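Visitor: I am new to this structure. Could you show me how to read its features, one at a time?

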Amino acid sequence: MTTAPHPIRQPNLSLVKDQPDTTVEPVEGAVVKHQGQPVRPRWIEAAAARATAAKDHVVDNKLYLGWSARGYKNLGRRWLDARRDDYPQMIESAVAELRSAKGNTAAEGSAKELVKERRDEYREHKKRHDIKTALWSAVGVAGAATGAIVGGTLIEACMAVGGAVFGAYHGRPEPAEVEVSASPLSIIEQSDNDFGQDTGQVFMTVDQLPEGGSPFPIAQARTPQQLAECVLRALIAENVPVAEVTDVIRLSWGWQCVVRVSEGTPEAIIKAAGDLETRFDLAANGVRPSPMKERRACAVMRMVDRGADPFASAPGLPYRAPKSMSITDKFRIGSSVGGDPLEVSLAGVMGLWVAASGGGKTGILQGLAEGTTACYDNITIDLDPHGDGLEDLHDAVRITARTHEQIEAVLLFFLVMSKARARLRKTLGMGRKWKASKTHPAVTIFFDEFPKATELAKRLAFDLLLVGRKELIEVEIASQGGTKLYLGENIAQMMALKGIGPCKVGDTRAVFGDGSVNEGWLPHRLAPATDTDPKDAGHIFIQGVPGMPDEPIEYKVHEVPSATLRKLATERLEAGLVEPDQDSLDAMATVDPPEYVEPVVDIEGNLKKEAPVELLTWDQLLKLCDAEPPAGTVTEETTAVIADVVDLMDKAGVDRMRTETLVAKLAEHDPDAYGDMTAESLKELFVKAGVGKPVTLGPLDNLANPRGFKRDALDRLL
């Protein structure tokens, strides 16, 4: 049984008034044309009908007094819009750019100049607009006063009528389409080719609602005008202080409109979202309100048809060739529910990505890493103590760490590198931030299943979050929850970039703030995938995207087939993976590791506790993580020297030696080969081989903490 569409009440526009019964008795005799009741000419009847219809229209609309008041209200709104123009939005965009440029002196200075320039332009624009208004007002008032004084009562009456007509003209309602017999998709048909289609705008206020109606399912709305009425009635029934509905658009997956409240904020719409789904007879999460940042009283409401998918026609992942972009470039990882691209840049951006099991964390991280592995100036690192991490992109990742030992060693290595880069920047002429290039690349570390890491790994990651941004060693943390229970510390809100998929409401508040739910941040309404239904996996709400305002809009990250990712990874491996710069590797030797990873010795210098993690060289780190060493780093000559050093340590029964002691032992072992070797030449040889510079050895040779080389580090290269 089909439900008849909800009718829209229309004013009485009948063209012919009901006529009284004019039947007369037949006339005897010859038949005469127009016999009986006299017939007036047709033009007289038409004129009379038009006059009657006009009179009825005037009476039905109460002499157009409401139209006139609304007209002047519309004129006032247009005047205010013209006075504001686009400047508030332009200023807000400039302020957002200033926030995103924090820490970059040059960009920050440029953004401040832009904010000041636009504010000055706004003040000048308002001044010119006010002067024009004052001049025209003076002319109008002077003319009206002169006419009223000189012309007398008749002129005053004509002026009053003219003013009322002028207001009524600007306040007349928009014509409504009433083809109620049309199909549910009469405005546009479902389309797989276009990601949303616009049908124009409709304006309806609460005052324009026909009387006596009640809420009705959204499926009965066939036209934008009917949709506006449907939304207004549902909101009124839910006690939302709604004022008007505008910008109604029919899309391939449902409806979209802008709702303005007359008091408070759109929080009332968000709270009523579940009940509105019942009023509209939609599926769960079928009503998706998004408050507008540039209009505090307004929210964009999206009503998704049952069984429809707003992202079904979203564009797919663009092809990115190996080493075709910079880490500072923006790259698209998804699309919004409104069809806008989601573009991010991870350069110097620490990120937190939260989603429950089945929420699509792996897909989200792969979408990000697909971009970072296409960069010519970035090294991608994959850490995961529990799962498969970046999975299909494995070949394009420089280091993959799965064990706790590997993860801790990787984090310590890059923490020390970040401290080394902080001291190196000035020498390289980079200023206050590391500048990524082919010769001095950035590092992006993806750390999945963060809650399952060791306490030491978490501590190292926290320290790296604090100091890695300026050195372009960024960490992207992924977790099933955003609270302290999962992360170990209340770090969620301190992260620059935050993306949340299907989760618990507590995670929403922990990451986006206590009042975020009332502001429209609703990732907890998303449903994680099951074995048979993907549901909302990969859908996220996101904050902190550089250059983009923080608005509560739902996005979906590109879902890329595994075969495509594996093919891209193979291409990027064949093109060569990016290696760290030698400047950073050399500078690491001048930096002491954090105290909590140093061995513990007593007052007498006796070792009480081994170091929980050892600072390795780059080649040692690659070997620990089963990664291929860079080509051509270890020559036959170097291998021979390392073998002799290891043999000398074995004969002496030690696992470490000071550099000076090693040089002396080598010269004693083979004077011809090592007689001219110095401590500096041995260091240089080992650096080129990938052993690295000398490290602290602990108490040795009556010294508290000399520097030298450990047998284990050397043995890894043999």
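Visitor: Where does Leu466 sit?

Guide: This is a predicted model. Leu466 belongs to helix H11, which covers residues 455–467.

Visitor: Is Leu466 buried or exposed?

Guide: Exposed means over 50% relative accessible area. Leu466 has 61%, so Leu466 is exposed.

Visitor: Let us turn to rings. How many aromatic pairs are found in the whole structure?

Guide: A search finds seven aromatic pairs. Take Phe413 and Trp618: their ring centres are 5.7 Å apart. Ring planes under 30 degrees apart count as stacked, and over 60 as edge-to-face; the rest are tilted. The planes of Phe413 and Trp618 meet at 40 degrees, so this pair is tilted.

Visitor: Where in the chain are Phe413 and Trp618?

Guide: Phe413 is in helix H10 (residues 404–428), and Trp618 is in helix H16 (residues 618–624). The pair links distant parts of the chain, 205 residues apart.

Visitor: What about Phe447 and Phe450?

Guide: Their ring centres are 5.1 Å apart. Their planes are at 75 degrees, so the pair is edge-to-face. Phe447 and Phe450 are both buried.

Visitor: Which residues do ring pairs link into a cluster?

Guide: Phe413, Phe414 and Trp618 are linked that way.

Visitor: What sits over the ring of Tyr376?

Guide: The charged end of Lys438 does, 5.5 Å from the ring centre. In another case, Arg459 lies over the face of Tyr596, at 3.8 Å from the ring centre.

Visitor: Now a loop. Where does Ala374 lie, between which elements?

Guide: Ala374 is in the loop between helix H9 (361–372) and strand E9 (378–383). Buried means under 20% relative accessible area. Ala374 has 0%, so Ala374 counts as buried.

Visitor: Which residues is Ala374 in contact with, leaving aside its neighbours within four places in sequence?

Guide: Its contacts include Arg320, Pro322, Met325 and Arg572. Ser326 is 48 residues away from Ala374 along the chain, yet their C-alpha atoms are separated by 8.1 Å.

Visitor: How many salt bridges does the structure hold?

Guide: The structure holds 28 salt bridges. One of the pairs is Arg233 with Glu229, whose closest N and O atoms are 3.0 Å apart. The two residues are four apart in helix H6 (residues 224–237), so about one helical turn separates them. Arg233 is buried at 9% relative accessible area, and Glu229 is buried at 2%.

Visitor: Which parts does the salt bridge of Glu471 with Arg425 tie together?

Guide: In this bridge the closest N and O atoms are 2.8 Å apart. Glu471 lies in the loop between H11 and strand E12 (473–479), and Arg425 is in helix H10, so the pair ties together parts 46 residues apart in sequence. Glu471 is buried, with 3% relative accessible area. Arg425 is also buried, with 11%.

Visitor: How far apart are the closest N and O atoms of Glu614 and Lys710?

Guide: They are 3.9 Å apart, in a salt bridge. Glu614 is in the loop between strand E17 (607–609) and H16, while Lys710 is in strand E20 (residues 707–710). Glu614 is partly exposed at 27% relative accessible area, whereas Lys710 counts as buried at 18%.

How values were computed: Residues are numbered from 1 along each chain as its sequence is written. This is a predicted model: local features need pLDDT of at least 70, side-chain atom pairs count only at pLDDT 80 or more; totals for chains, interfaces and linings use all residues. Side-chain values use heavy atoms; hydrogens and water are left out. Buried means under 20% relative accessible area, exposed over 50%, partly exposed in between (1.4 Å probe, protein chains only). Rings of Phe, Tyr and Trp (its six-membered ring) pair if their centres lie within 6.5 Å; planes under 30 degrees apart count as stacked, over 60 as edge-to-face and the rest as tilted. A charge sits over a ring if NZ of Lys or CZ of Arg is within 6 Å of the ring centre and within 35 degrees of the ring normal. Contact means heavy atoms within 4.5 Å. A salt bridge is a side-chain nitrogen of Lys or Arg within 4 Å of a carboxyl oxygen of Asp or Glu.
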